[in-house]
Amino acid sequence: MKLIYDVKDRPKFGPLVVYAIQQLLAIMAATLVVPVITGHGMSSAAALFGAGMGTLVYVLFTKGRSPVFLGSSFAFLGSMAAAFAGGVSMQLGYLGLIIGATFAGLVYVVIATIVKLVGVKWINKIMPAVVIGPTVAIIGLSLAGNAIGDLTKGSVVINEVAVASPLLAIFCGLVTLAVTMLCSTYGSKSLRLIPFIVGILAGYAVALVLTLIGNAANVDAMKIINLSAFDILFENGSLSLVKMPDFTFLTAFGGFSELNGSYLASIAVAYIPVAFVVFAEHIADHKNISSIIGKDLLEDPGLSRTLLGDGVGSIVGAFFGGCPNTTYGESVACVAITRNASVATIIGAAVGAILISFINPFVAFVNSIPSCVMGGVCMALYGFIAVSGLKMIQQVDLEKNKNLFVVSTILIAGIGGLQVTIGAVTLTTIACALILGILANIMLAKGEDHDTEDEE
């Protein structure tokens, strides 16, 4: 892929700010929703601050050679719930989040140490393109349901039901998608670098007009945007433009007096196995971004460094916001679509996330972006992740039965949504598909010889 900005390129300050905001918008929805799903008073603003700090740590460990943003990880949702299980106090629960993320991060540190000693050739051997390609495709395809689910609903909820007309919601989402595609394809060089910003603003504008008409005419079906998201600006009866996020560590320290061995063991069991699952996704994400920028990140800066950046960044993110971080496929897709691989943009997005977490108006605006608008954006983002994986398969000889079986096993396991729960640990769809693909590839390794003999 021909990049407009390569990894080491530095756009001018003005455009850099705009590109950084676009990266933020690409990862914002998922990063903010993880603490909302977890509940227990967790702060979305703090999670955003933690994501920014974690990304800076990642950039530092990878020597500024990997253009990826770290955001709140969905894989640890069950683990985070375990931190508050059994009716533990809020303080102990928050302490459990930090301890759990530390356990998970240490898993990455251990694996990084092993990789540093033995190298990465074993990774390339057990995860060649025939395995990684369809796995990356599944990362995108497995999110398709989320994108379409968001596309069909607005953000105004009454009695736990979204009241907006699904047709109007789809219209707003498709306007977002259409404008994004048109900017990326036909826009000037400047517009091609910010298609998501233009698309989101266009979809938001349409949704806002419908919502204002719906509020004026009292027609629930037209209420797309939940304008109550802006109430945080007047929480104390006066305009509040700046507010410090509710940092996890400020509450966690009160839980030390309640800490005991049994709780530590339950947190370890909840977090450590999931870290091994996320490790597989780490490999897939970095193989994907490597194919986009034309440089093998597992070799330079090296898998040991990307793992350390991801692991330590995850610990830092949880310390501030409670949510362990992980490399984001949405960030990778944003790089692919805009062809902007500048790490300076990633650093700008990280600094922006930190600053914005204190700025109430921006947090309110982001929280008010309706689901359908983000659904339109995610159709492009998730689709590009899937297409990136399919492009990797192009270098695979699918005339060989061995390769056909490996690819088909991964695709069907992934699209079918295979998950396996063993005790407190759930192997995600991506992990199951990847594990089955690795096993199939190993089992059929001799198949290449037989295929060659048949051709002769």
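A: Helices (H or I, at least four residues) and strands (E, at least two) are DSSP runs, numbered from the N terminus. The model is predicted, with local features requiring pLDDT of at least 70 and side-chain atom pairs pLDDT 80 or more, while totals for chains, interfaces and linings use all residues. Residues are numbered from 1 along each chain as its sequence is written, and side-chain values use heavy atoms, without hydrogens or water.

Val420 sits in strand β5. Its relative accessibility is 32%, which means that Val420 counts as partly exposed; buried is under 20% relative accessible area, exposed is over 50% and partly exposed is in between, with a 1.4 Å probe and protein chains only. Val420 belongs to a nonpolar surface patch of about 490 Å², together with Leu418, Ile422, Ile435, Leu436 and Leu439. Such a patch takes residues with over 30% relative accessible area and no salt bridge, joining nonpolar side chains (Val, Leu, Ile, Met, Phe, Trp, Tyr) within 5 Å. The areas come from the Shrake-Rupley method with a 1.4 Å probe. Two elements, β5 (420-422) and α19 (429-443), each supply at least two residues of the patch. The greatest contribution comes from α19, with three residues.

Of the 10 residues in α14 (residues 329-338), 10 are buried. Among them are Glu330, Cys334 and Thr338. The relative accessible area of Val373 is 0%. Its C-alpha atom is separated by 8.5 Å from that of Ile170, although Val373 and Ile170 are 203 residues apart along the chain.

Charged pairs come next. The structure contains three salt bridges, each a side-chain nitrogen of Lys or Arg within 4 Å of a carboxyl oxygen of Asp or Glu. One of them pairs Asp6 with Lys295, the closest N and O atoms being 3.8 Å apart. Asp6 is in the segment before α1 (13-38) and Lys295 is in the loop between α12 and α13, so this pair ties together parts that are 289 residues apart in sequence. Asp6 is partly exposed at 28% relative accessible area, and Lys295 is partly exposed at 40%.

Another salt bridge joins the side chains of Arg65 and Asp300 at 2.4 Å, N to O. Because Arg65 lies in the loop between α2 (44-61) and β1 (70-72) and Asp300 lies in helix α13, the pair ties together parts that are 235 residues apart in sequence. Arg65 is partly exposed at 29%, as is Asp300 at 41%. Asp300 also takes part in a cis peptide bond with Pro301, where omega is about 15 degrees. Pro301 is placed in helix α13. The loop that holds Arg65 also holds Lys63. The phi of Lys63 is positive, near 60 degrees, in a residue other than glycine, and Lys63 is partly exposed at 43% relative accessibility.

The remaining pair is Lys223 and Asp220, whose side chains meet at 3.0 Å, N to O. Lys223 is buried, with a relative accessible area of 13%, whereas Asp220 is partly exposed at 33%. Asn218 lies in the loop between α10 (195-217) and α11 (248-252). Its phi is positive, about 55 degrees, although Asn218 is not a glycine. At 58% relative accessibility, Asn218 counts as exposed.

A cavity is a set of points, on a 1 Å grid over the protein atoms alone, where a 1.4 Å probe fits but cannot get out, and its lining residues have an atom within 4 Å of a point. There are three cavities of 30 Å³ or more. The largest cavity has about 60 Å³ of space, a volume being the space filled by probe spheres set on grid points joined across faces, edges and corners. Its lining includes Phe76, Tyr108, Val278, Asp310 and Asn325. Two or more lining residues come from each of α4 (90-118), α12 (261-293) and α13 (298-321). The lining divides into five nonpolar, four polar and one charged residue; Ala, Val, Leu, Ile, Met, Phe, Trp, Tyr, Cys and Pro count as nonpolar, Asp, Glu, Lys and Arg as charged, and the others, Gly among them, as polar.

Conventions:
1 Å grid on protein atoms, 1.4 Å probe; cavity = no way out; pocket = protein on both sides within 12 Å on 5 of 7 lines; lining within 4 Å. Patch = residues over 30% accessible without salt bridge, like charges linked within 9 Å, V, L, I, M, F, W, Y side chains within 5 Å.
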